[in-house]
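Please look through the structure shown below, and then work through the questions and answers that follow it.

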Amino acid sequence: MNKKIISPCISICRTDPRTGYCYGCARTNEEKIIWKEEKTTIAWKDENLKILVQRMSGWQLETFKESYQNKLKTGISLYKQYSTKKINN
C-alpha cells in the first residue's frame, strides 16, 4: 500500500494576511512545511487535503479543484501549464 499523495500546491503561492491561508491551496505556512517533511504520513496528508477543501469556497474552491485535477492527471498545475505555453509561444 504505497499510496502517494500529490502536494496540493497549484503554484499560486500568496498568503492571505487576514486568514493566514494560501490563496491557491488554503494551507498555512506550517502545513506547507509539514507536507515537505519526509516523516509526514500519507494519512496526515490525506486528512489535510480534506481540511483544505473544507476551508475553500466559491472561486477559490473551483480554481483549486480544476487545477489540482490537472496536476494529478498531467503532473503540472494549470498556472504552470499556461505560464509554460506563454513562454514557449
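Salt bridges and a helix

Q: Which side chain meets that of R55 in a salt bridge?
A: A salt bridge here is a side-chain nitrogen of Lys or Arg within 4 Å of a carboxyl oxygen of Asp or Glu. The side chain of R55 comes to 2.7 Å, N to O, from its partner. This pair links distant parts of the chain, since R55 lies in helix α2 (residues 42-55) and its partner, 24 residues apart from it, in helix α1 (residues 29-36); helices (H or I, at least four residues) are DSSP runs numbered from the N terminus. The partner of R55 is E31.

Q: What kind of model is this, and how are its residues numbered?
A: This is a predicted model, in which local features need pLDDT of at least 70 and side-chain atom pairs count only at pLDDT 80 or more, while totals for chains, interfaces and linings use all residues. Side-chain values use heavy atoms, with hydrogens and water left out, and residues are numbered along each chain as its sequence is written, from 1.

Q: Is E31 buried or exposed?
A: Buried means under 20% relative accessible area, exposed means over 50%, and partly exposed lies in between (1.4 Å probe, protein chains only). R55, at 27% relative accessibility, counts as partly exposed. E31 has a relative accessibility of 9%, and therefore counts as buried.

Q: Which residue forms a salt bridge with K50?
A: The structure holds two salt bridges, and in the one formed by K50 the closest N and O atoms are 3.7 Å apart. The partner of K50 is D46.

Q: The side chain of S67 reaches the backbone nitrogen of which residue?
A: S67 is found in helix α3 and, at 4% relative accessibility, counts as buried. Leaving aside residues up to four places away in sequence, S67 touches I10, S77, L78 and Y79, where contact means heavy atoms within 4.5 Å. At 3.1 Å, the backbone nitrogen reached by the side chain of S67 is that of L78.

Technical notes:
Helices (H or I, at least four residues) and strands (E, at least two) are DSSP runs, numbered from the N terminus. A polar contact is a pair of N or O atoms within 3.5 Å; within protein, one must be able to donate a hydrogen and the other to accept it, and residues adjacent in sequence count only if both atoms are side-chain atoms.
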